[in-house]
Amino acid sequence: MIWTEALVWSAGGTTSHRFITARRNFQKGKPNSFNIYGYRWNGEQFVVEPEEAKIVKLIYDNFIKGMSAEQTEVQLEEMGVKSYTGGRFSNTSIRAILKNEKYTGNMLLQKGFIEDHITHKLKPNNGELPQYWVEDSHEAIIDLETYKKVQAEIARRRKLGVFANPSINTTCFTSKIKCGNCGVSYRRSGKRQSKHSSDVYYIWTCQTKDRKGVSECSAKNIPEKILQGVCAQVLGLEEFDEDFFLDQVEKIVVNGTDELIFHLHDGSVIPQQWKSTARKDWWTPEARAAKSAYSKKNPRSSGNITCFTGKINCSKCGQNLRRNTSPRVSGQKAHHWRCPPHTDCGHSGLEENMLKTISSDVLSIKEFDEAIFQEKVDSITVVSNTELLFQLKDGSKITKQWQFKRRQPAWSEERKKRQAEKMKEAWRKKHEQNKDN
C-alpha cells in the first residue's frame, strides 16, 4: 500500500479530540468511513462483496454505454436490487458510486471535513485541509482506466446539461428560455384540449413558479405556438425553423409580462414585444358548446351553485367544501369556500377570486373560464393551508402552493368619525397638560 499527501496545508484553531483522531487516521492512510456498497470492512481493509460488485460493474458499464442514472435506477428496481441500507437504489446513489474512487482499489482521504464541531456540517475540502491519495489499499472492482473514462463522460454530460439525458424530453427551447425574475430556466408543460383529444397544448413556464407557486415567482407563462411565432419574426423567417433557431439564438430572457429579450450568438440583443392569445386559442367551438351545455345544466338562481360546487374536498374530514357569502362594509360580497360547520379541520377557507387565479394558472389560461374549468378539472383537494392538489380529467395531478391572507374589514364612515374624535380628545388633553406644566 502506497499513500501520498495530495495537498499540504497547516490547520490552525482548535477541534475536538474525535476530529483530531480522524485526521491522524487520514495521515496513516486509514479511512474514516467503512460503509460502501460493494465492499465489507474486515477491521483492516475493504473486502469485495461479490454480488454487490456485480451491480457496481453493471452501473459503470451502463453509464459507458450511454445510459443515464435514471435509466439504471429503473433497471435495478425491475431486478429487485436493493441499496446498502436495504432501500430502493436511487439515481443519487448511482451517481455517488460512479464518482467514488474506492472502486479502483485506491482511496482519496479527507475529501470533506467538519468545519464546525458544534454544527457538525460537512464541507467539501477544496484545499483547506490536506488530502491523502492511498494506492492499492484494497482489491479493485473497477479498473482505473474505466473509472477515468466515466469521469470524463460525467464532465461531458454536465457540460451538455439536460441534453445529455435521453430520458428527458427536450426541444430546441430547452435550457434557452430564462426567467427575468429569478433567473432559472423555463420548462415545457403540455395539456390536452379535451379528455379524448390527441392534440396537446404546450406552454413554457418558469420552474420556480411551477414548483413553489406565484408567491415565489410571478413570471408569465408563454404558449409554445406564440413563442415559435415571435422567434420567426425576430429571425426574419416566414415560419419557425428549429435548426436556424439553435444556430442563431443563445438564450431568450422573459422580461415582465409582454417582452422577450433575444440574445444571439453574434453578441446582439433584440427586445421583442409579445401578447398572449391563450384564451382565444382555448375558446374552440367545442369549448363554446361545453359552456352552453354547462350553463343550461347549472342555473345560477340560488347564487351558491358555481363551477366549483362539488369539486373541492377536504383531505382531513373528506367533506366537500361549501360556498359562504358575506357582505363587506363597502357593500361588496365576499365568497369563500370552507368545510361544513362542526368540523375541526383547521383550514382557513379559500377565497373564490384566489381560487380562480390558481385554477387559471393550472389550466394555463390568461383569465378564468368556467366552461374550461368544468371540462378539464375533476376535483381539487385542500391538502393543507399552503397546498392544493388538482386532479385533472386526463388523469394527471398538479400540486399548487397557496397562501391564506386575512382581509381586514374596511372602516365605515361612522367608525372613521369616532376615531377622529378620539384622536382630537387625546391631543386636547395633551395640550392642556403641557400648559399646566
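Trp337 stands opposite Leu350 in strand 18, where strands are DSSP runs of E with at least two residues, helices are DSSP runs of H or I with at least four, and both are numbered from the N terminus. Strand 17 (residues 333-338) and strand 18 pair in the antiparallel sense over two bridges; pairing requires that DSSP finds at least two bridges between the strands. The sheet is open, has three strands in the order 16-17-18, and its pairing is antiparallel. Strand 16 and strand 18 (350-351) are at the edges with a single partner strand each, so one side of each has no neighbour in the sheet.

This is a predicted model, in which local features need pLDDT of at least 70, side-chain atom pairs count only at pLDDT 80 or more, and totals for chains, interfaces and linings use all residues. Residues are numbered from 1 along each chain as its sequence is written, and side-chain values use heavy atoms, with hydrogens and water left out.

**Salt bridges**

The structure holds 16 salt bridges, each defined as a side-chain nitrogen of Lys or Arg within 4 Å of a carboxyl oxygen of Asp or Glu.

| Pair | N to O distance |
|---|---|
| Arg188 and Glu224 | 2.9 Å |
| Arg323 and Glu352 | 2.8 Å |
| Lys400 and Asp361 | 3.0 Å |

The side chains of Arg188 and Glu224 meet in a salt bridge. This pair links distant parts of the chain, with Arg188 in strand 9 (residues 186-192) and Glu224 in helix 7 (residues 224-235), 36 residues apart. Arg188 counts as partly exposed at 24% relative accessibility, while Glu224 is buried at 9%; buried means under 20% relative accessible area, exposed over 50%, and partly exposed in between (1.4 Å probe, protein chains only).

A salt bridge also joins the side chains of Arg323 and Glu352. Arg323 lies in strand 16 (residues 322-327) and Glu352 in helix 11 (residues 352-363), so the pair ties together parts that are 29 residues apart in sequence. Both Arg323 and Glu352 are buried.

In the salt bridge between Lys400 and Asp361, the partners come from distant parts of the chain: Lys400 is in strand 21 (residues 397-401) and Asp361 in helix 11, 39 residues apart. Lys400 and Asp361 are both buried. Salt bridges with shared partners also join Glu73, Glu77 and Arg88 into one network.

**Nonpolar core**

The largest nonpolar core has 27 residues, and those with the most contacts inside it are Tyr60, Phe89 and Tyr103. Such a core is a set of buried Ala, Val, Leu, Ile, Met, Phe, Trp, Tyr and Cys residues joined through side-chain atoms within 4.5 Å. Elements that give two or more residues to this core include helix 3 (69-79), helix 4 (91-99), strand 7 (132-135) and helix 5 (144-160). Helix 2 provides the largest share of this core, six residues.

Neighbours within four places in sequence aside, Tyr103 is in contact (heavy atoms within 4.5 Å) with residues including Ile36, Tyr37, Val56, Tyr60, Ile97 and Ile141.

Leu109 lies in strand 4 (residues 107-109) and is buried at 3% relative accessibility. Leu109 and Pro130 are 21 residues apart in sequence and 8.9 Å apart in space, C-alpha to C-alpha.

**Cysteines**

With a disulfide taken as a pair of cysteine sulfur atoms within 2.5 Å, the count comes to zero. The closest cysteine sulfur to that of Cys217 is in Cys179 at 3.6 Å, too far for a bond. Cys217 is buried at 3% relative accessibility, and Cys307 is buried at 1%.
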